[in-house]
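This briefing is meant to be read alongside the sequence and the three-dimensional model.

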Amino acid sequence: MAAPVVSMVLNQLGTFLREEIHKEVIMVLGVKEEIEKLELTLTAIQAVLHDADKKQVQDQRVKVWLERLKKVVYEIEDILDKWNTKIIQSKIRTQSKDTKGIREKLDSIDRDKNNYGLASGMPTETLKLNRCKELRKLPASIGNMISLRHLEIYDTKSLRSLPEGIERLASLRSLSKFIVSEGRNLGDLKGLNLIQGRIEISGLRRVKSVNEAKEVHLANKRGIHALALDFGSNVITEGDEERMEGVLEGLQPHTNLEELKINGYPGFKLPSWMILFSKLRTLELMDLSQCTTLPSLGRLPLLEVLKIGGMKSVRRLGLDFLGISDIEDATTSIGRGQLIAFPSLVELELHGMSELEEWVLPFERSDILQIMPRLRKLYISNAPNLKALPALGILESLEELYISLLISVKRIGPEFFVISEDVISRCICSEKLVVFPNLIQLELNLMWKLKEWVLPFERSDDTLQIMPRLRKLTIGRAYKLKVLPALGRLESLEELTISGLHSLKRIGPEFFGILEDDDVMKGTSGSSRGGGSLPIIVLPKLKKLQFFDMEEWEEWEMMMPSWREDISFVMPCLKEFELWLCKKLKVVPHNIFSYQPVKERIEGCPQLNQRLRRNQIIRRREVGESYNRRMDYFDDDDFTAQPTPLGGELIICL
């Protein structure tokens, strides 16, 4: 019987490929691909061996066919034995021609089997070809494996088509990819109604008619829970956009779908069925370059992840995107209950929206209307025409906010925090207001035209808190920003990185949130208790402080209010401090103390290094030591420190 020999050789081929990859053996170009083809063809032949063994008794042709197969399989076994004996690149190189020759013989045997009416003898066959990245073609005989149930071809980017007869595999339970190609149209999917799980349909720009898409009846394939529709990047002629719109409309899946990805769609509008999914959890819309509007995705009740990228023609994200037709109707519909837009959304990503000019979020806080109440992560990138950020402060569950390449935004003001000027100037607030109450990480990067960033800490009472849980803040390449906001008021901040602020020349006490007549500090940290004052603690939890590429920065000043000098604490938990490429900086504050050993690194700061010589910038403060005692050590004019024992590390690179 040929079946045991074929099975053994198949195992050897699989083992050989895995072991050589593990050993990082580099085979000559083409040999690895030849071996993968051998494995595929043998797998297809193996499916009919049970039937062939029965028929060889009465059919001499089948008997001869089996003898040919045994001979080729033994040749494969001989080559594998040689390679396993001395597995080096030169030896494999000498065998590459033989491998190709054997593969050609095996292909001939595979083709001939179709002439004998051999049926598959493996009713629960599973064929896994995942991550065969060089695989370009499947064996033609797969179409005869009528009992095949699982064809897995994930991550096979080089695969260009499926073999003829794929439509006959009515027993298929899983088909990870279907490719529309020459000779393979969407109609081949029509009878595969048992497919379940995840499927990607690619090459959709080749679909010739709307009816071809409708005939697939995707809505009847209720076992599919994840669907990817890839139109590719082939150029279409003018007028074909309407055909593509009809194709996507005709590919309507069942409403129980949980994941949908659409890539490269060239139409001008999205289909009407986009908002009908009651169980959709993930939606990705990528490179829909001609779509001008988005449907009311805020109505999808279970949507958790929404990623939109490369929608270059969308100019506005308004209330209709949220699923709200009119904000006045929404806020006055008290009798109809609460309205929630994107009730389950956890992650939102917007990038590559080059024409986006306006993004609207309702400014007024309301118990009746809620916007994305569960959103934890928001990523906005590469929207060069967006001139103002929306009122993101309304997102109360937000934990991570990344903003990058919004090069037209010039100001971040109170409206970003959903705080009106009346609330700030006249202290109009009947109850405590917390803005971004759960935000942990904030990154502002490549905001080239940003000139002003206001943190509205001007309130004289404790009814306003801004980002009380923020731990990590990064500000980078805001080339026109001249003044930093009062970051010293961020009481939970642990890591602060500032880089590429080429217009900033000075950092003063306002950066630390300290003013001589600071009523806020007097009213809170500076309030009297038993005749005394509470200490000022600036950046009480900051552990890491970094300044990079600040080419115009000259002054760094931090003067405590005269009435507070004896009980002030600046960055008492600091452990790491870095200054890189601050070429004009001459002096740093002498009253920054830490109770921790501080690792300092200074590079590309020539004027500062000349003054420092071997003295530390951040001085360690002993427990119980007063501010005035430390001041005795310093000369304000020359910043020369007396040496003190320090367990940290100082690195100065000239």
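The structure, which is a predicted model, holds 19 salt bridges.

**Salt bridges**

- Within helix α4, which spans residues 60–85, Glu67 and Lys70 are placed three residues apart, or about one turn of the helix, and the two form a salt bridge whose closest N and O atoms are 3.9 Å apart.
- Both partners of this pair are partly exposed, since the relative accessible area of Glu67 is 44% and that of Lys70 is 22%, where the buried class would require a value under 20%.
- Arg315 and Glu355 also meet through their side chains in a salt bridge, with an N to O distance of 3.7 Å, and this pair links distant parts of the chain, the two residues being 40 residues apart.
- Arg315 belongs to the loop between β9 and β10 (316–317), while Glu355 belongs to the loop between β12 (347–351) and β13 (358–359).
- The relative accessible area is 46% for Arg315, which is therefore classed as partly exposed, and Glu355, at 28%, is likewise partly exposed.
- A further salt bridge joins Arg411 to Glu415, with 3.3 Å between the closest N and O atoms; Glu415 is partly exposed at a relative accessible area of 35%, and Arg411 counts as partly exposed at 35% relative accessibility.
- Arg198, Glu259, Lys261 and Glu284 are linked with one another in a network of salt bridges.

- Strand β7, residues 259–263, pairs with β8 in the parallel sense over five bridges, and Leu260 has Leu283 of β8 as its bridge partner.
- Strand β9, residues 305–309, runs parallel to β8 and is joined to it by five bridges, with Leu285 standing opposite Ile308 of β9.

**A three-stranded open sheet**

- In another part of the chain, three strands form an open sheet in the order β1-β2-β3, with parallel pairing.
- The edge positions are taken by β1 (126–128) and β3 (174–175), and because each has a single partner strand, one side of each is left without a neighbour in the sheet.
- The pairing of β1 with strand β2 (residues 150–152) is parallel and runs over three bridges, with Thr126 standing opposite His150 in β2.

**The surroundings of Thr497**

- Thr497 is located in strand β23, which comprises residues 495–499, and this residue counts as buried at 10% relative accessibility.
- The side chain of Thr497 is joined to the side chain of Gln546 by a polar contact of 2.7 Å.
- When neighbours within four places in sequence are left aside, the residues in contact with Thr497 are Leu473, Thr474, Ile475, Gln546 and Phe548.

**Positive phi angles**

- Most residues other than glycine have a negative phi, which is the background to the next two points.
- Met372, a residue other than glycine, has a positive phi near 45°; Met372 is placed in the loop between β14 (369–371) and β15 (377–381), and counts as buried at 1% relative accessibility.
- Leu581 is not a glycine either, yet has a positive phi of about 55°; Leu581 lies in the loop between β31 (576–580) and β32 (593–594), and is partly exposed with a relative accessible area of 40%.

**The protein overall**

- The protein has 13 helices and 35 strands, and buried residues make up 50% of its 654 residues.
- Of the contacts between residues at least 6 apart in sequence, 67% join residues at least 24 apart.
- The accessible surface of the protein comes to about 30700 Å², and 47% of this belongs to carbon and sulfur atoms.

Technical notes. Residues numbered from 1 in each chain as written. Predicted model: local features only at pLDDT ≥ 70, side-chain atom pairs only at ≥ 80, totals over all residues. Heavy atoms only, no water. Pairing = 2+ DSSP bridges. Helix = DSSP H or I, 4+ residues; strand = E, 2+ residues; numbered from the N terminus. Buried < 20%, exposed > 50% of the residue type's maximum accessible area, 1.4 Å probe, protein only. Polar contact = N/O pair within 3.5 Å; in protein donor to acceptor, adjacent residues only side chain to side chain. Contact = heavy atoms within 4.5 Å. Areas by Shrake-Rupley, 256 points an atom, 1.4 Å probe, with all protein chains shown as cover. Salt bridge = Lys/Arg side-chain N within 4 Å of Asp/Glu carboxyl O.
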